[in-house]
Amino acid sequence: MTFELILFYAFGAILLGAALAMISVRNPVHAALFLVVCFVAAAAIWLLAEAEFLGIVLVLVYVGAVMVLFLFVVMMLDINLAKLREGFTEYLPVGVVVAAAMATVLVLVITRYITMEVPERAGPEYANTEALGAILYTEYVYPFEIAAVILLVAIIAAISLTMRKRPDNKSIDPGQQMAVSREGRVRMVSMPSEKKRAPRRSAQGSGSGASDDDASK
Amino acid sequence: MNFEIPNFLPAVPEMFVLGMACLILVIDAFLPDSRRDITYGLVQATLVAAAGLTLWMMGPETVLTFSDTFVKDPMADILKVAVYVTSFLVFLYARPYLMERGIHKGEFYILGLFAVLGMMIMISGHNLLTLYLGLELLSLSSYALVAFWRDSTRATEAAMKYFVLGALASGLLLYGMSMIYGMTGSLDIAVIAAELTAADESLNIPLVFGLVFLVVAIAFKLGAVPFHMWVPDVYDGAPTAVTLFIATAPKIAAFAFLMRLLVEGMGPMHADWQGMLIILAVLSLAVGNVIAIAQTSIKRMLAYSTIAHVGFVFMGILAGTDSGYASAMFYVIVYAITAAGGFGMIVFLSRKGYEADQIDDFKGLAQRNPWFAFIMLLLLFSMAGVPPTVGFYAKLAVIQAAVGADLVWLGVVAVIFSVIGAFYYLRVVKMMFFDAPKDENAEPVQPSGALATALSINGLAVLALGIFPGLLLSITHYAIIG
Amino acid sequence: MDTIYLLIVLAPLFGAIAAGLFGRQIGRTGAHTVTILGVAISFILSVVVFWAHVFGDAGIYNETVYTWMVSDGIHFEVGFLVDNLTAMMMLVVTFVSLMVHIYTIGYMKDDPGYQRFFAYISLFTFSMLMLVMANNFMQLFFGWEAVGLVSYLLIGFWYKRPTATYANMKAFIVNRVGDFGFLIGIAALVFYAGSLNYTEVFAEAESMRDATITIWPGWTFGLLDLALIFLFIGAMGKSAQVPLHVWLPDSMEGPTPISALIHAATMVTAGIFMVARMSPLYEFSVAALSFILIIGAITAFFMGLIGLVQNDIKRVVAYSTLSQLGYMTVALGASAYAAGLFHLMTHAFFKALLFLAAGSVIIAMHHLQDMRAMGGLRRHMPVTYVTALIGSLALIGFPFFSGFFSKDAIIEAVGYSQIPGATFAYWLVLAGVFVTALYTFRMFFMVFHGEERYDQAHKYMPDHGDDDDDHHHDHGPLQPKESPWVVTVPLVLLAIPSVVAGYFIGPMLFGDFFAEALFVLPEQDVLATKGETYTGVIAFVLHGLMLPAFWLAMAGLGTAWYLYMKRPELPGVIAERLKLGVRILEDKYGFDRFNDWFFAGGTVRLGRALWRYGDALIIDGLLVNGTARSIGWISARIRHMQSGFLYHYAFVMIIGLLVLMFAYVI
């Protein structure tokens with residue numbers, strides 16, 4: 001057993017343990033932190049497989065950005081833990097059986113039927129980042145662009161689902177306040193001068209006469 | 001590094017749709033709410049122009065480009081046109097619905113257009129990666145569309161279910177793809193097929209292992225039993241305009257996805273996936289048709305009917321013959337057109353504050369508006385497979401394909417379940433023509449606008465295609481056989 | 001040429017659609033203008049086509065216009081086969097149809113269903129043209145059913161009369177029996193030849209002769225014999241041959257123009273046309289020909305006899321039609337297809353003429369149809385009188401009139417025929433000539449000569465229980481007068497071909513007019529035998545004067561004159577003497593009674609029994625409701641699987657994945 005193999009199993013064990021802990025701990029903040037551990041362990045395994053770029057990206061993007069955001073949200077929202085965990089023990093046996101069956105199949109297939117040679121180690125001059133970069137914008141430019149579009153759609157979806165103008169929102173838009181003009185505020189209305197106790201008919205007649213006067217001004 | 005600039009020409013429709021989608025996104029941002037019709041018009045124009053481009057570039061040869069990740073062949077062209085046509089219809093039907101409910105937002109059309117782009121990418125995918133990304137693009141747009149009506153808690157719940165289950169399915173798909181990649185050493189569909197043909201016996205078990213995951217993911221997308229659970233909840237929970245969309249065009253894309261992955265990629269393993277599809281087909285036919293009977297909501301009923309239709313599509317494909325693929329393609333296109341009409345009718349009958357999504361709402365439609373009762377009758381007949389509507393030929397063709405593949409028993413099962421299925425379609429017909437309308441909506445339906453016209457054309461097309469099935473049949477044959 | 005053929009077919013269809021769907025909008029005048037225009041276009045183009053084919057050098061046109069679908073290698077197509085035979089039929093159909101369209105303006109002028117009527121007859125013209133122009137069995141069958149449908153609609157045109165609805169149902173059901181045979185026949189041919197196209201099926205004819213088909217172990221038939229006899233059963237339904245003739249007399253419940261167009265001139269001859277069209281097949285089956293010959297002869301003679309005792313003017317003409325159709329059938333059976341078609345053509349003209357003349361009389365008598373209340377009409381209706389006389393003379397085969405040529409040709413052809421049953425047929429058709437002359441002139445004298453018996457009209461007035469035409473009950477004594485020009489002009493126009501059509505006998509029977517369309521084996525070619533002695537029309541007539549047929553016709557005419565002009569009291573005395581015979585004839589040999597009791601009654605009894613025990617108990621009770629109930633129960637149970645919980649759904653997916661994995665991986 002080489003040193004690398006020992007490291008692999010160690011990180012693998014950490015990964016699995018952290019994942020199990022993540023779904024079983026009561027505190028959501030702890031769960032998120034366990035997920036961080038998972039990612040770190042996975043990144044380490046990437047490094048062992050000489051995919052250092054992916055390992056670094058995993059740490060940077062997921063641990064550094066996504067999980068922080070996640071923690072932020074979890075801490076902001078007050079989640080009713082008791083309700084979330086309802087039925088956990090009830091479903092546990094079934095879940096365990098199914099998971100065991102699944103794991104059995106996986107293990108059987110992988111150990112029994114898949115035999116692969118150990119890939120040759122690349123030399124120290126080989127750069128994973130460079131290799132990825134070389135094909136990402138050439139051979140894989142089409143999938144790359146699609147991925148970009150997917151991100152764009154994610155942005156649109158996020159904005160359209162969250163940005164809203166509440167009807168009961170009373171906040172003031174300073175821009176609108178500044179853009180106000182005199183005409184928008186004051187409207188001059190010309191109307192006939194009212195005579196007291198004037199009978200209805202004559203009032204109408206004089207009214208029309210008055211408006212004529214206004215027009216002639 | 002020897003890299004050539006790829007040939008962009010075959011992907012011009014995709015690039016055009018993407019460019020227009022971005023452009024419309026920007027234009028829409030500057031439009032006041034009262035001018036959303038401009039967005040709508042631009043999106044529809046984009047679809048028409050894209051159809052024009054695709055038709056103009058149509059050719060019998062198969063062209064690969066972008067390092068063989070993109071393929072343009074007759075099947076791709078024809079399915080893309082089918083997607084444009086159904087999406088065009090869907091947007092047309094959806095507009096009055098959105099306007100009446102005050103959710104006539106540009107995002108609906110823009111997300112719809114991105115979904116169309118995702119479908120196009122799936123249809124033209126020639127690489128596990130592009131296929132997956134196209135699927136994700138479509139799925140993400142669909143999730144957002146389902147959640148689009150934020151004031152509806154049912155829609156939000158449906159979106160959540162859809163999203164979580166969809167993510168699970170995506171995970172399974174990626175797992176399967178990684179297995180296949182590991183065994184064959186390539187993501188390219190054609191290379192995978194070649195490797196599979198050359199692969200020795202010992203690789204068979206792990207390949208089947210990967211294959212199972214692929215089949216499950218596809219079954220989820222199409223909504224085949226037992227991966228169908230999201231279908232009724234999402235169809236029912238989503239605003240009808242969105243249901244209209246996710247129930248129609250994406251099925252065409254999912255069919256293409258299936259064709260690319262299973263038939264073109266995993267073709268040499270036909271014997272293995274045939275069995276899986278048989279199980280899924282029989283379960284879908286049984287569960288879809290039987291549970292539909294117990295529904296009271298017409299949207300849920302149509303959702304289960306979709307599940308049953310997926311069983312028929314599988315029947316055509318699992319036959320493993322060219323005519324079988326052609327019949328499945330015929331079926332899926334016919335289904336998309338008919339379903340668009342069916343959901344369109346629900347939109348047509350609904351008003352603000354009244355969704356017309358219960359089966360009871362169709363009671364006495366013949367008294368309220370005989371013409372649209374007749375159109376609905378045509379659509380239901382087509383779904384049930386009653387001649388002379390086109391649904392009959394679709395069912396006939398796939399059953400013929402199954403029988404041609406020595407699966408007579410499967411044909412018999414399909415016929416039995418379509419007879420059971422006929423019950424709930426005909427029950428709606430009976431309610432429309434022989435029952436009195438419910439008290440609260442006894443007044444006649446006033447047809448108006450483009451929706452009424454398009455719906456009439458949609459219904460009559462179902463009849464016309466049934467009387468003259470030759471055209472569409474020969475198109476699908478051309479697409480598959482060349 | 002394609003466009004012309006398409007136009008011929010589609011012009012009447014367009015007229016029918018315009019008058020049928022938009023009748024209310026375009027009004028009465030619009031309806032008859034548009035339909036007459038459509039049919040007139042068809043007629044003029046048919047003349048053009050006829051000219052091009054007969055006198056010009058247009059070859060046989062045989063093209064597919066549209067492929068409807070392909071199933072199992074069998075093409076379902078719409079296509080046209082136009083040769084001299086088709087061209088002749090097109091000409092006859094469009095000409096008679098045009099005349100009937102014009103005539104209808106006068107006949108139906110007070111009817112509320114005016115537009116509907118024009119829509120129907122135009123639709124009929126379309127269907128009939130589709131039938132005769134077909135180049136494949138599918139289209140033939142389409143036309144066959146379409147004319148049947150229109151016939152059904154038109155017989156029941158006055159749908160408020162119970163007798164009319166009874167008659168149209170009868171016509172439809174009896175035709176269904178025939179169509180069943182027709183369909184089996186087509187199926188047998190398609191089964192063997194693997195194609196619906198005439199040319200391709202005909203190409204297999206010779207090889208089909210020796211093919212056999214085993215229906216039940218031990219029951220082996222010649223495939224061709226069986227298929228052709230079944231095809232002919234279809235023709236028996238459509239062309240009203242015994243025993244499927246029962247619907248035709250009843251069909252006279254329809255308006256008279258329909259009786260002329262459909263039930264005399266065109267539709268009923270579809271069977272004759274079909275057999276002639278299939279001559280390349282029929283020639284190879286002596287059994288089928290013999291069957292046709294015997295059926296035709298029985299129809300020709302025995303149906304003529306019934307005509308002797310009828311009093312309704314239209315029914316007399318109807319039975320005469322049956323009898324004449326029998327003659328045509330006999331000609332087909334004797335392989336004298338050309339003679340049958342020739343008679344078909346002449347008959348179309350003079351029988352349409354007779355029907356329209358009868359209609360003219362009926363108009364004059366205010367929709368009274370009983371001849372016992374007529375008489376002496378020749379003074380009031382000179383045009384109708386003269387044209388009816390021409391029609392009658394043509395019908396009995398008076399020399400120089402068209403019927404003479406065609407009928408003589410048939411009788412002589414049968415005389416030359418050698419196939420089994422020919423002698424029997426010969427004597428029956430010969431005797432039929434006497435009967436024809438007798439009933440024709442019985443009718444003619446009763447209607448146009450003798451004393452005026454209009455005062456007895458009330459006795460014979462049909463009681464239709466129909467609100468539409470009770471306006472004539474309140475009239476005083478009837479004052480018949482000549483019909484308007486829209487009625488008489490078609491009469492005159494039809495009278496012309498009734499006289500002159502016979503002069504085409506040379507080219508049509510003994511020339512090569514039908515050489516491309518018909519196929520006759522040399523050893524069965526009776527017309528060729530006859531043709532050896534043919535030198536010209538005059539010689540043919542002179543030769544005809546020596547034959548028994550002519551003298552029998554004269555004897556019939558003389559008898560009619562003696563019985564109905566000289567000694568009008570004699571028929572009553574004779575009827576008294578031959579009570580039993582008259583009873584049998586008035587009972588129409590009991591066909592109707594037997595059908596009502598056995599087929600109609602039996603079916604009802606059987607149906608009731610099946611309904612009570614089979615349907616209500618087993619199917620409805622156990623199978624349908626039982627299945628429905630259990631499925632409903634299952635459905636209500638398993639819909640609860642749809643719990644609405646996300647984790648349930650995900651769990652089901654995982655289980656599904658596991659099941660598939662266990663099934664296929666391990």
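B:Val398 is buried in this predicted model, with a relative accessible area of 0%, where buried denotes under 20% relative accessible area, exposed over 50% and partly exposed the range in between (1.4 Å probe, protein chains only). The residue belongs to helix H17 of chain B, which spans residues 390-404; helices (H or I, at least four residues) and strands (E, at least two) are DSSP runs numbered from the N terminus. Apart from neighbours within four places in sequence, the contacts of B:Val398 are B:Phe312, B:Met315, B:Gly316, B:Ser327, B:Ala328 and B:Tyr331, contact being defined by heavy atoms within 4.5 Å. Between B:Val398 and B:Lys352, which are 46 residues apart along the chain, the C-alpha atoms are separated by 40 Å.

The model is predicted, and local features need pLDDT of at least 70, side-chain atom pairs count only at pLDDT 80 or more, and totals for chains, interfaces and linings use all residues. Residues are numbered from 1 along each chain as its sequence is written, chains are lettered from A and ligands numbered from 1 in the order in which they are written, and side-chain values use heavy atoms, with hydrogens and water left out.

B:His126 lies between H4 and H5 of chain B and is buried, with a relative accessible area of 7%. Not counting residues up to four places away in sequence, B:His126 touches B:Leu64, B:Asp68, B:Thr69, B:Phe70 and B:Val71, as well as B:Asp188, B:Ile189, B:Ala190 and B:Glu264.

Chain A contains 10 helices and zero strands. Of its 217 residues, 18% are buried. Among the contacts in chain A with a separation of 6 or more, 62% are between residues 24 or more positions apart.

The interface of chain B and chain A was examined next. The size of an interface is often given as the accessible area lost when the parts come together. Chain B and chain A bury about 2,800 Å² between them, and 82% of this area is on carbon and sulfur atoms; buried area is the accessible area (1.4 Å probe) that two parts lose on being put together, summed over both. On the side of chain B, the residues that lose the most area to chain A are B:Leu133, B:Arg150 and B:Phe209, together 20% of what that side buries. The contact involves 39 residues from chain B and 29 residues from chain A. Zero salt bridges are found across this interface, a salt bridge being a side-chain nitrogen of Lys or Arg within 4 Å of a carboxyl oxygen of Asp or Glu. Three residue pairs are in polar contact, both residues at pLDDT 80 or more. A polar contact is a pair of N or O atoms within 3.5 Å; within protein, one must be able to donate a hydrogen and the other to accept it, and residues adjacent in sequence count only if both atoms are side-chain atoms.

The elements giving two or more residues to the side of chain B that touches chain A are helices H1 (12-29), H4 (106-123), H5 (128-146), H6 (153-184) and H8 (204-222) of chain B. The largest share, nine residues, comes from H5(B). The residues on this side comprise 27 nonpolar, seven polar and five charged, where Ala, Val, Leu, Ile, Met, Phe, Trp, Tyr, Cys and Pro count as nonpolar, Asp, Glu, Lys and Arg as charged, and the others, Gly among them, as polar.

Chain B also meets chain C, with 39 residues of chain B in contact with 25 residues of chain C. Chain C and chain B bury about 2,900 Å² between them, 77% of it on carbon and sulfur atoms. This interface has zero salt bridges and four residue pairs in polar contact (both at pLDDT 80 or more). Strand E1 (61-71), helix H28 (591-638) and helix H29 (646-664) of chain C are the elements that give two or more residues to the side touching chain B. H29(C) gives the most, with 11 residues. The side of chain C that touches chain B divides into 19 nonpolar residues, five polar and one charged.

E1(C) is joined by nine bridges to strand E2 (residues 74-82) of chain C, and the two run antiparallel; strands pair if DSSP finds at least two bridges between them. C:Glu63 stands opposite C:Phe80 in E2(C). The hairpin of E1(C) and E2(C) has two residues between the strands, and C:Asp72 takes a positive phi near 55°.
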